[in-house]
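Student: I've got a model open and I'd like to learn how to read its strands, sheets and charged pairs. Can you walk me through it?

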Amino acid sequence: MATGHKLFGTDGVRGEAGTFLSAELATALGRAATASLEAPKPQVLIVRDTRESGPMLEAALAAGVAAAGGDALLGGVLPTPAAAILAKRLGLDLAAVVSASHNPYRDNGIKFFGATGTKLDDETEERIESLLEQAPAAIEPGQVRELNGGLEDYLRELASAFRIDLSGRHVVLDCANGATHRAAPAIFERLGARVETIGDDPDGRNINAGCGSTHTESLAERVRSSTAEIGFAFDGDGDRVLAVDGSGRVHDGDELIALAARGMAARGELNGGVAVTVMSNYGFHQAMAAAGIECATTKVGDRHVIDELRRRGWTLGGEQSGHIIATDFVATGDGIAAALMTMRELDGAPLAAAVPMEKLPQILVNVEVGDRGALDGATAVWQAAERESEGLEGRGRVLLRSSGTEPLVRVMVEAPTAAEAEAVCDRLVALVRSELG
């Protein structure tokens, strides 16, 4: 099957279901991924979120696994991190997730985890793509069968890792009509919490629609108007989370990571420092410096954070968007685990008072340019950005970067006041437009 271009992005293969991500492509990916394994009869777990295209792609992916001689184990609807945990727990060779995360229902995706529960590296993904071009070998096909008990196994892992008593705690969970709609309420209730849920009635098309971590308004209103002390909003596949305090204010991944890092450091449990991306707020870095916690910065994408944690031997990191990674539990973002970690760190305290960082005002503008790579050689723009950075040294920062997929330059400025951030951003945006537009 000719692909003609690189299929794997930063988080698997993703696109509109039925057109780009067709049943044919899913079958080919299942066959190629299975053929890439050095195992006599590979055991491959497949889980999915609640999109209406999920069962079609699940079946096609399973057909490809079986065609390559592997056994496809269908885990049904489960959060993405459950696939990583179950692959390791059950001694499987590969796990595949059919999901497009926070995207609308029309999109879907396929991403893979290896036997150790980590996402596949670039070299392995390239090998899978190269196998797509080869004619399939004649081989005895494997089986396709249901995997029962996957949800319970995942819940047991969560309960074992987070031995906390949530009796008397009142929480609201927004499950984004996605993959956490059973798992998240179940574990909070098992630990004793009084749970209200919204976004817990998936119909195949309402995943992420006006709910979840990309649309926190409904959760904020529910928490504000109830006796709940905190709320958590997951995304469609459950690998990220944002929190809402009792007043309805949203707290992002930076704030939740800062809370966990400070608490773990105080107990002597933080292994090294924390790893975050360039998008993390300057206030996060100030808070970590004040606490004496080393902070490493990576490119955007949870894979880069995980790679940095692995390289340094650290265990905590994540993204402002709500991907929070604790590698001593699972080496990928896990929204439910991050929510439980937040409850552990709060230990009964209100979220609004407990978060140990103050976010700086941030202005982000996307500037359309003529060429996606135009920023690379834009000397005048980089010199201006350096001057503005010098003016904000110790008080804020400037970040310029090209979009990875569109002809856009992203201009981000953080400063002590919104007015200063806006003024600096306006000057840089005007220069980018005049030089590159």
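Student: Let's start with β9: which residues point one way from the strand, and which point the other way?

Tutor: In a regular strand the side chains alternate between the two faces of the sheet. In β9 of this predicted model, I230, F232 and F234 point one way, while G231 and A233 point the other way, and all are buried. Buried here means under 20% relative accessible area, exposed means over 50%, and partly exposed lies in between (1.4 Å probe, protein chains only). Strands are DSSP runs of E with at least two residues, helices are runs of H or I with at least four, and both are numbered from the N terminus.

Student: Which strands does β9 pair with, and in what sense?

Tutor: Strands of a sheet pair through backbone hydrogen bonds, either parallel or antiparallel. The cut-off is that DSSP finds at least two bridges between the two strands. β9 pairs with β7 (residues 170-174) in the parallel sense over four bridges, and V172 stands opposite G231. With β10 the sense is antiparallel, over five bridges, and A233 stands opposite L242. β9 and β10 form a hairpin with six residues between them, and G238 in the turn has a positive phi of about 80°.

Student: What is the strand order in the open sheet of six strands?

Tutor: Reading across, you get β1-β5-β4-β2-β3-β6, with mixed pairing. β1 (13-16) and β6 (144-146) are the edge strands, each pairing on one side only. From one strand to the next, the twist averages 20°; axes are lines fitted to C-alpha atoms, for helices over the stretch in contact, and angles run from 0 to 180 degrees between N-to-C directions. Inside that sheet, β2 (residues 43-48) and β3 (residues 71-77) pair in the parallel sense over six bridges, with V47 of β2 partnering G76 of β3. Helix α2 (residues 54-67) packs on the sheet and touches β2, β3, β4, β5 and β6 (contact: heavy atoms within 4.5 Å). Its direction makes about 175° with that of β2.

Student: Now the charges. How many salt bridges does the structure hold?

Tutor: Side chains of opposite charge can pair when their charged atoms come close. The cut-off is a side-chain nitrogen of Lys or Arg within 4 Å of a carboxyl oxygen of Asp or Glu, and the structure holds 34 such salt bridges. One of them joins D239 and K111 at 3.7 Å, N to O. That pair links distant parts of the chain, 128 residues apart: D239 sits in the loop between β9 (230-234) and β10 (241-245), K111 in strand β5.

Student: Why do D239 and K111 count as buried?

Tutor: Because D239 has 1% relative accessibility and K111 has a relative accessible area of 4%. Both also belong to a network of salt bridges that links D11, R14, K111, K119, D237, D239 and D302.

How values were computed: Residues are numbered from 1 along each chain as its sequence is written. This is a predicted model: local features need pLDDT of at least 70, side-chain atom pairs count only at pLDDT 80 or more; totals for chains, interfaces and linings use all residues. Side-chain values use heavy atoms; hydrogens and water are left out.
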